[in-house]
Amino acid sequence: MSVEISEKAVVGKNVELGDGVKIAPFAVIEDNVKISNGTTIGANAYIGSNTTIGKDCRIFNGASVGTIAQDLKYKDEDASLTIGDRAIIREFVTINKGTSANDGITKIGNDCALLAYCHVAHDCEVGDFFVASNNLAMAGHTIVGRNVICGGNVSVHQFVKIGDYSFMGAYSYATMDVVPYSLVGMSDGNTFIAGHNKVGLQRNGFSEDDVSAIKKMHRLLFRSGLSLEEAKAKIAEELPQNDVSKRMLDFIDKSQRGLLRTRI
């Protein structure tokens with residue numbers, strides 16, 4: 001299978017292109033880029049140096065990925081961006097490379113979709129099956145788990161962590177860590193945990209017992225009046241100790257910004 005490069009595209013030095021790669025007119029590919037089999041690069045897209053893009057990705061018109069960090073501390077140190085397989089990067093998405101604060105790396109997982117005008121900043125780590133609707137604004141050093149969905153116009157504060165299988169509702173703004181399995185809402189300018197992500201959990205094959213256990217964990221954490229340590233003890237004592245509960249307890253133990261809470 002051949003590579004198709006428009007004569008109007010610009011391709012730098014030490015660029016590796018896999019079978020079936022297509023590069024449209026006026027796309028710019030900087031030096032030291034690797035693009036794997038079956039990936040397409042749209043017109044006017046810009047791929048910065050030291051970017052690795054996986055198989056069967058679609059980078060749409062005007063996207064700009066692998067550019068340097070929007071961080072005044074960045075001093076031209078070595079930095080890179082890695083995008084996994086089957087990513088969909090829609091029009092005018094921007095993704096920055098990392099900085100020395102995170103070994104210079106920004107990572108996007110497999111099977112992710114970033115819709116038009118999304119921004120993923122330096123040093124972010126995004127898990128597999130992430131979907132972001134238009135106008136996501138993700139600040140630096142954010143860590144996103146797998147199977148997370150963000151509605152339109154979501155903003156995420158720097159250093160925030162968003163747990164696996166969570167759903168961020170439109171216009172919500174996460175300034176604190178979001179525990180796994182959460183449904184996050186927005187009302188009167190305030191973002192809060194609205195409950196557990198029941199629909200998302202069902203769609204991802206969680207059993208009724210698991211969904212019930214997750215609902216109970218959220219109730220203990222946010223609606224029981226218990227302290228965080230007391231709620232953790234109850235989860236460990238009253239719920240099956242399996243991957244579902246372990247994911248929650250591990251996330252809480254590693255949280256550094258504190259947990260986003262429910263609405264009072």
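**View 1. Glu 77 touches Thr 99 and Ser 100, leaving aside residues up to four places away in sequence.** Contact here means heavy atoms within 4.5 Å. The model is predicted: local features need pLDDT of at least 70, side-chain atom pairs count only at pLDDT 80 or more, and totals for chains, interfaces and linings use all residues. Residues are numbered from 1 along each chain as its sequence is written, and side-chain values use heavy atoms, with hydrogens and water left out.

Find Glu 77 in the loop between strand 11 (64-67) and strand 12 (80-83). Strands (E, at least two residues) and helices (H or I, at least four) are DSSP runs, numbered from the N terminus.

**View 2. Glu 77 is buried yet has no salt bridge.** Buried means under 20% relative accessible area, exposed over 50%, and partly exposed in between (1.4 Å probe, protein chains only). A salt bridge needs a side-chain nitrogen of Lys or Arg within 4 Å of a carboxyl oxygen of Asp or Glu. Lys and Arg count as positive, Asp and Glu as negative; His and the chain ends are not counted. The nearest side chain of opposite charge is Lys 75, 8.2 Å away.

Which backbone nitrogen does the Glu 77 side chain reach at 2.8 Å? That of Lys 75. The backbone nitrogen of Ser 100 is reached at 2.9 Å. Polar contacts are pairs of N or O atoms within 3.5 Å; within protein, one must be able to donate a hydrogen and the other to accept it, and residues adjacent in sequence count only if both atoms are side-chain atoms.

View 3. Two strands pair if DSSP finds at least two bridges between them. Strand 5 (residues 28-29) and strand 8 (residues 46-47) are joined by two bridges. Ile 29 has Ile 47 of strand 8 as its bridge partner.

**View 4. Asn 44 and Asp 123 sit in loops.** Asn 44 lies between strand 7 (40-41) and strand 8. Its phi is positive, about 65°, although it is not a glycine. Asp 123 lies between strand 17 (119-120) and strand 18 (125-126). Asp 123 also has a positive phi, near 70°. Is Asp 123 buried or exposed? Buried, with a relative accessible area of 2%.

**View 5. Helix 2 (residues 208-222) has buried residues.** Among them are Val 211, Ile 214, Met 217 and Phe 222. Their cover includes helix 1 (198-203) and helix 3 (228-238).
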